[in-house]
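Hi,

Here is the structure I promised to pass on. Have a look at it first, then read my notes below.

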Amino acid sequence: MEHKASVLENLADVRAMIKRHKRNDTLFAAIGLLCLMFGLVTLMLLFWQLIADGYPKFNIDFLTEFPSRRAGRAGLLSAWVGSLLVMVVTFLTAVPVGVAAGLYLEEYAPKNWFTDLIEINVSNLAGVPSIIYGLLALGLFVYMLDFGQSILTAGLTLGLLILPIVIVSTREAIRSIPVSIREAAYGVGATKWQVVYDHVFKYSYGGILTGIIIGMARALGETAPIITIGALTFIAFLPPSPITTEPPFLNFEWLSSGFTVMPIQMFNWLSRPDHAFHVNAAATGALIIIVTLLMNGTAIWLRYKIRKNIKW
Amino acid sequence: MQAPVQLTISPRLAKNIRRNVKERMIELILMLAALVAVATTFAIVGVLLYESLSFFKTVSVVEFFTDTQWTPLFEEAHYGIMPLVSGTLTTSAIALAVAVPIGTIAAIFLSEFASHKTRETIKPILELLVGVPTVVFGYFALFFVTPLLQSIYPELPSFNMLGAGIVMGIMIIPYIASMSEDAMRAVPMSMREGSYAMGATRFQTAIKVVTPAAVSGIVAAYILAISRAVGETMVVAIAAGQQPNLTFNPLESAATITAYIVQVAMGDLPHGSIGYQSIFAAGLVLMAMTLSFNIIGHWVRKKYRESY
Amino acid sequence: MATVTTAIKAEARDLNFFYSNGARALKGISMPLYENKITALIGPSGCGKSTFLRCFNRMHDLYPGNKYQGQIVMHPDNTNVLDAGVDPIEVRMRISMVFQKPNPFPKSIYENVAYGLRVRGENNKRIMDDKVEEALKGAALWSEVKDRLHDLAFNLSGGQQQRLCIARALATDPEIMLFDEPTSALDPIATANIEELMVELRSKLTILVVTHNMQQAARVSDYTAYMYLGELIEYDDTDKIFTNPGRKETEDYITGKFG
């Protein structure tokens with residue numbers, strides 16, 4: 001900097017400096033690309049390796065067999081059924097509560113300390129480590145409320161875990177609805193709830209769905225809270241079927257059933273010393289990754305589509 | 001000017017009681033849903049404090065923070081949280097050492113150098129990678145990264161903090177890159193134009209104008225990443241070891257707070273025993289650590305949001 | 001003051017309005033709206049004309065902290081619509097509104113018009129079909145959209161969207177219709193269509209229109225009110241206001257010396 005004056009006087013020097021700066025530009029661009037690729041390519045390679053490791057188990061038997069002491073015969077049946085049932089409970093708790101809370105905070109809540117308190121709560125909850133939710137569930141659901149180590153407990157736990165995701169995405173989706181639409185509806189005599197339900201909710205449906213899918217994908221892959229509530233890892237039975245042949249055709253015994261889920265089954269298999277089980281773990285991991293990537297991919301695609309279609 | 005007269009209200013315009021009651025009911029139901037979030041926080045704090053209080057009836061707070069051993073399940077039990085804290089901090093530090101430089105440089109590249117098309121392609125991929133379940137990363141740490149490190153340094157134990165930390169770092173790269181890129185994108189174009197107009201190059205503009213302007217957003221990303229690393233469970237539970245070990249040497253095996261909770265939960269501890277209570281005390285420490293990072297992170301981020 | 005030959009549909013009596021920040025946006029406004037007439041509100045931006053208009057259907061209730069003082073009496077009910085005992089929803093069912101920018105719902109053309117009926121609990125398809133057709137005809141839009149009633153309203157042009165919004169407001173047979181600068185976002189041809197429509201609608205209902213365009217006020221309205229800084233400066237026959245204003249301020253504004 002102290003040579004500034006002289007540099008500017010000499011055209012050749014200026015050109016040399018520009019050349020040097022341009023070289024820095026290129027150099028940094030190269031380093032930047034390298035860093036970006038390191039992040040992306042390493043992860044891609046790892047996923048690829050996982051799929052390759054688990055490849056021998058990519059067959060239908062793996063999905064229709066119970067876990068077994070013999071690695072070759074062991075399958076994922078109880079785990080994927082468990083995951084599915086837990087997800088049903090999670091969906092039924094997180095979605096109505098989360099969407100309702102989002103609607104309340106964005107459309108109804110007065111601007112006061114109480115609303116601020118709820119908002120701070122939601123953003124803090126989003127940052128609470130998942131294992132803490134496991135401790136909450138262990139203390140509250142398993143023992144105090146005596147739900148046991150059941151599908152109900154697991155579903156409620158994951159429901160609370162993804163609640164902030166659903167609330168935040170609901171609010172963001174609602175925020176993109178312009179005031180003019182609300183005023184138009186009020187202008188023809190709609191009540192607040194009619195405005196909120198017929199317009200605000202219906203037009204932000206896509207954005208809300210995005211958040212729900214991302215939340216459900218997160219719930220599907222969560223391991224720590226489920227381990228913490230003490231889910232069993234060796235389950236060689238299926239919970240009672242939710243649908244029966246006799247009236248009333250619905251059966252809620254499955255809610256209190258013991259269970260395992262896919263990430264726990266994977267954790268169990270990769271903790272075994274016998275390498276044969278690691279193949280099972282890899283196959284499970286590959287399945288989890290594929291399903292979660294598909295879910296998140298759908299959500300991101302949906303969000304992209306909504307952004308493109310916004311007309312106001 | 002006519003003085004206002006008190007008028008009667010025609011029935012056609014009077015309040016519709018039924019409709020108003022229905023509207024109030026709906027509002028109440030929605031508010032109850034929002035209160036679930038508050039209730040969850042209170043329940044978390046309540047459960048952690050309740051069980052920890054029983055724990056601290058047996059163990060003094062001084063011992064908890066000064067004892068250098070954590071062996072609650074042994075015959076001769078020690079209750080010093082420090083070995084678990086050291087494991088947590090070491091793995092988190094390694095993760096950040098990997099993720100911060102790579103993530104930041106990747107973000108600068110993406111925001112300032114990459115073409116619009118590249119950015120539009122890479123950004124969703126980053127968001128996609130943030131959602132990969134962490135148990136899968138545990139597998140990578142145990143079966144790829146640690147064997148790779150062992151081929152360089154053969155004395156490395158199978159369970160070690162280095163491998164777990166590196167994988168956690170790789171896991172966090174997309175998170176830091178994505179959030180930092182958001183912060184840099186929020187810097188107004190006019191600032192860049194000002195810099196380019198002075199004859200600055202892309203690199204100079206990125207380093208001297210955009211990055212400083214976005215610094216609080218970037219720092220917020222780091223802090224939230226720390227909180228994520230500290231609270232991360234599966235990678236360390238699988239790959240860093242289960243043995244509490246008061247060390248900051250990444251080449252050793254050591255349990256983190258989260259790994260300890262998993263280890264105890266996997267076992268068959270009776271409800272109400274000191275071992276059972278100990279995971280809540282450990283959880284309370286974890287909660288305090290992540291909460292403070294989150295609060296600082298959100299505070300920093302809020303500041304940068306206000307600045308434009 | 002104009003000689004009263006027609007009935008008064010509504011009148012403001014010493015109306016004051018305060019925004020939540022405490023700002024007093026309307027200062028003691030008293031003026032009548034004559035039945036089946038068009039009354040125009042003119043004045044420089046920020047003079048409170050839109051604020052005044054939005055008092056009539058209690059639009060300010062949507063934002064907390066806003067405060068009315070005084071009365072807006074609606075006839076024949078002889079009821080102050082600003083009274084706490086009055087349901088703003090009932091008011092909006094009888095006093096409808098057309099906004100500055102066309103704001104159709106992202107629904108079909110049919111559903112846009114039918115929405116006002118639906119919120120009243122109307123479910124009879126035949127009644128609804130008739131009402132929608134009638135409203136679209138009333139808004140001079142029927143011939144253009146009758147073959148595509150179930151297309152998205154966003155696919156219409158700006159002028160058509162604004163006429164759709166008028167149809168939406170018409171469908172529920174309101175007694176008063178408020179227009180808040182209804183042509184400010186439209187091109188001259190669409191503007192002419194809307195103006196023509198307003199004149200036609202006059203036979204059915206009472207109209208209050210805010211406009212920043214003095215020619216528009218002169219073209220369409222029967223009465224004109226000039227507002228400045230929240231006060232009503234002058235209110236009279238439109239002809240009188242534009243040819244022989246009673247106040248110097250009004251004359252300055254109309255001749256373009258100011259504003």
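In chain C, the side chains of C:E111 and C:R118 meet in a salt bridge, with N and O 2.7 Å apart. Keep in mind that this is a predicted model. Are these two residues buried, exposed or in between? C:E111 has a relative accessible area of 21%, so it is partly exposed. C:R118 also counts as partly exposed, because its value is 33%.

Two other pairs are worth a look. In chain A, A:R218 forms a salt bridge with A:E222, and their closest N and O atoms are 3.0 Å apart. A:R218 is partly exposed at 30%, while A:E222, at 11% relative accessibility, counts as buried. In chain B, the side chains of B:E112 and B:R192 meet in a salt bridge at 2.8 Å, N to O. B:E112 sits in helix α3 (residues 82-113) of chain B and B:R192 in helix α7 (residues 189-197) of chain B, so this pair ties together parts that are 80 residues apart in sequence. Both ends count as buried: B:E112 has a relative accessibility of 4%, and B:R192 has 3%.

There is also a network of salt bridges that links B:R12, C:K9, C:D77, C:R94 and C:E175. Over all chains, a search of the whole structure finds 31 salt bridges.

Now for the places where chains touch. How many residues does each chain bring to the contact between chain A and chain B? Chain A brings 80 residues and chain B brings 73 residues. About 6,800 Å² is buried between chain A and chain B, and carbon and sulfur atoms give 83% of that area. On the chain A side, A:F28, A:L36 and A:L135 lose the most area to chain B, together 9% of what that side buries. The count of salt bridges between chain A and chain B is one: B:E127 and A:R303 meet there at 2.2 Å, N to O. Eleven residue pairs are in polar contact across this interface. Helix α2 (residues 11-54) of chain A gives the most to the side that touches chain B, with 23 residues. By class, that side of chain A has 53 nonpolar, 22 polar and five charged residues.

Chain A also touches chain C, with 19 residues from chain A and 23 residues from chain C. Chain A and chain C bury about 1,700 Å² between them, 64% of it on carbon and sulfur atoms. Here too the count is one salt bridge, and C:R54 forms it with A:E183, with the closest N and O atoms 2.5 Å apart. Nine residue pairs are in polar contact across the interface of chain A and chain C. On the chain A side, the largest share comes from α8(A), with eight residues.

Last, find strand β9 (residues 223-228) in chain C. Why is β9(C) largely enclosed by the rest of the structure? Because five of its six residues are buried. Strand β3 (residues 38-42) of chain C runs parallel to β9(C), joined by four bridges, and C:L41 stands opposite C:A225. Strand β10 (residues 231-237) of chain C runs antiparallel to β9(C), joined by six bridges, and here C:A225 stands opposite C:Y235. β9(C) and β10(C) form a hairpin with two residues between them, and C:L229 in the turn has a positive phi of about 50 degrees.

Cheers

Note on methods. Residues numbered from 1 in each chain as written. Chains lettered and ligands numbered in written order. Predicted model: local features only at pLDDT ≥ 70, side-chain atom pairs only at ≥ 80, totals over all residues. Heavy atoms only, no water. Contact = heavy atoms within 4.5 Å. Buried area = accessible area lost by both parts, 1.4 Å probe. Salt bridge = Lys/Arg side-chain N within 4 Å of Asp/Glu carboxyl O. Polar contact = N/O pair within 3.5 Å; in protein donor to acceptor, adjacent residues only side chain to side chain. Nonpolar A, V, L, I, M, F, W, Y, C, P; charged D, E, K, R; others polar. Buried < 20%, exposed > 50% of the residue type's maximum accessible area, 1.4 Å probe, protein only. Pairing = 2+ DSSP bridges.
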